[in-house]
Amino acid sequence: MANSIRVASAPFDGQKPGTSGLRKKVREFMQPHYLENFVQAVFDTIGGGQGKRLVLGGDGRFGNRQAIQRILRMACGNGFSEVIVGQGGILSTPAASCLIRKYGTDGGLILSASHNPGGPDEDFGIKFNSANGGPAPESITAEIHRRTMSIDGYMTVDAPDIDLDEVAESLLGEMRVTVIDSVADYAALLESLFDFDAIASMLGPGRFKMRFDAMHAVTGPYARAILEERLGAPEGTVMNGEPREDFGGGHPDPNLTHAAELVELMNGDESPAFGAASDGDGDRNMVLGRGGYINPCDSLAVLTANAHLVPGYARLSGVARSMPTSRAVDRVAEHLGIPCYETPTGWKYFGNLMDDGRITLCGEESFGTGSNHVREKDGLWAVLFWLNIIAARTQPAGAILREHWQQYGRDYFTRHDYEGIDAEVATSLMDQLTTSLPTLAGRTVGDLVVETADEFAYDDPVDGSRSEGQGVRIVFEHGRRLVFRLSGTGTSGATLRLYCESYERDPTKLELDTQRVLAPLLEAAESLAGIARLTGRVAPDVIT
Ligand code: G16
């Protein structure tokens, strides 16, 4: 019997959850009591742990296993009745969401800094998902933060480590610890949504060739089990499939810059027909056809337009996208006669809409696509959705995309990221921009005339809550649009994101170079915001 112990501690500054949980440098997390204070704040916020049940797992990054052991002891010290842990401490974010829902727990803790790099000098993170399986809403994260500012101790027990490697049940004091297969429940859920027979007959040896880049992150075991073992894709379809604590030294962000190995393969002479990659914790996805990358905004639109071909999605109640995401999906929703919601950046804003039955599919420009099967975005789900459509239409991904543009027109879209800029400079840039907003309408910038300029605020139609300061929008004639916002997921300095889009209907202009098409808008962004002038940066660090 392990007796609860109270350990005294003092508050740390800055334990404010960002867009997706608390993300900090590992060294910051390694300070004594740092992790415990945050976890205790979570437990206090949900009304204590007495008799409650929790899902626990992470993306396997440096610090994952130790953190799980410490949280298990704390859960016991706080009176939880059961913690369900992924084998080896591994759970992808969508798999954790699936388990919370399936086993009806009171929530879950996911240890991940998502697409941020891992290792002793890199990033760690922790996020709390509520009983619906989704990221805690702002009202809860704000309360967690408030609690961290006054915390003076946490509850734990003195007990040895639990064996995380065997699927088994054991007791820690009176608390049951259930180590569960990390993949099985999630794989079964996906199998219930897609036409696995059609996908399997397409993926069989000697047929359609694809590659999935797990980037040495959490999806390796999931992708191997589903794509290779269940769907029969040849061994080797999954590349970089061994999860590593430092993601093999890479940056597990599935975009054109960081998934360069896959991008090169897809552009090569003998390229596979389809390529995909996922991120650190398995919720993001990037998909590529032969020779071409499919922008996440377009991907959401194509999935919506073709959902009727997928068994689990015969009927859509509605769709949603984050505000900076292009309006490609809006056009499909209009055509289908279903509502399309515009939310702030952050998956947490989709949760209410899904719980209320208002939307079935949703997505973001930041390589996130998902549905109401869980309450997180889901990388492998998106890959299977694409494979299901390709199998049903017997057409390659690139052809499906081109036909989509012919029908709906194309929303050219790019995002330019300026990373690690001085936080004060970034704030003052945004302040200057915000201050100028009332004067912008009607102003000519280069050849473009500003129609509207405002700061995005969101009123949640389900619970009536309001979220302000969610990005600056400047809309020019013909719906051309610039959006500026500061990232809520970085861990050093500030990251400025500039989103840029322009709609094209002319069928002869649908396959032009994105950066060239958007160059006049990008120039307007520079003259309005003075990024180079204020930050000294002449080019973005990442372009997607
Ligand atoms: C998180 C959120 C996403 C968001 C992304 C980028 O993704 O869940 O909703 O779009 O961060 O956010 P920001 O622009 O504030 O950096 P992930 O995959 O990092 O958990």
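Leu-54 has Val-83, a residue of S4, as its bridge partner. The model is predicted.

**Strand S4 and its partners**

- Strand S4 covers residues 82–90, and eight of its nine residues are buried, so the strand is largely enclosed by the rest of the structure.
- Strand S3 (residues 53–58) pairs with S4 over five bridges, in the parallel sense.
- A right-handed β-α-β unit is made by S3, helix H3 (residues 64–77) and S4.
- S4 also runs parallel to strand S9 (residues 175–180), and five bridges join these two strands.
- In S9, the residue opposite Val-83 is Val-177.

**The largest nonpolar core**

- In soluble globular proteins, nonpolar side chains tend to be buried together.
- The largest nonpolar core has 73 residues, and the members that touch the most others are Phe-194, Leu-227, Phe-274 and Leu-387.
- Helix H13 (residues 379–393) supplies eleven residues, the most given to this core.
- Domain 1 (4–182) and domain 2 (186–408) each contribute at least three residues to this core.
- Beyond its neighbours within four places in sequence, Phe-194 is in contact with Ile-199, Val-310, Pro-311, Tyr-313, Trp-381, Leu-384, Phe-385 and Asn-388.

**A second core**

- A separate core of 42 residues has Phe-38, Val-39, Leu-72 and Leu-111 among its members.

Definitions and conventions: Residues are numbered from 1 along each chain as its sequence is written. This is a predicted model: local features need pLDDT of at least 70, side-chain atom pairs count only at pLDDT 80 or more; totals for chains, interfaces and linings use all residues. Side-chain values use heavy atoms; hydrogens and water are left out. A nonpolar core is a set of buried Ala, Val, Leu, Ile, Met, Phe, Trp, Tyr and Cys residues joined through side-chain atoms within 4.5 Å. Buried means under 20% relative accessible area, exposed over 50%, partly exposed in between (1.4 Å probe, protein chains only). Helices (H or I, at least four residues) and strands (E, at least two) are DSSP runs, numbered from the N terminus. Domain bounds come from an automatic or database domain assignment. Contact means heavy atoms within 4.5 Å. Two strands pair if DSSP finds at least two bridges between them. A crossover is right-handed if, with the strands pointing away from the viewer, the path from the first strand over the helix to the second runs clockwise.
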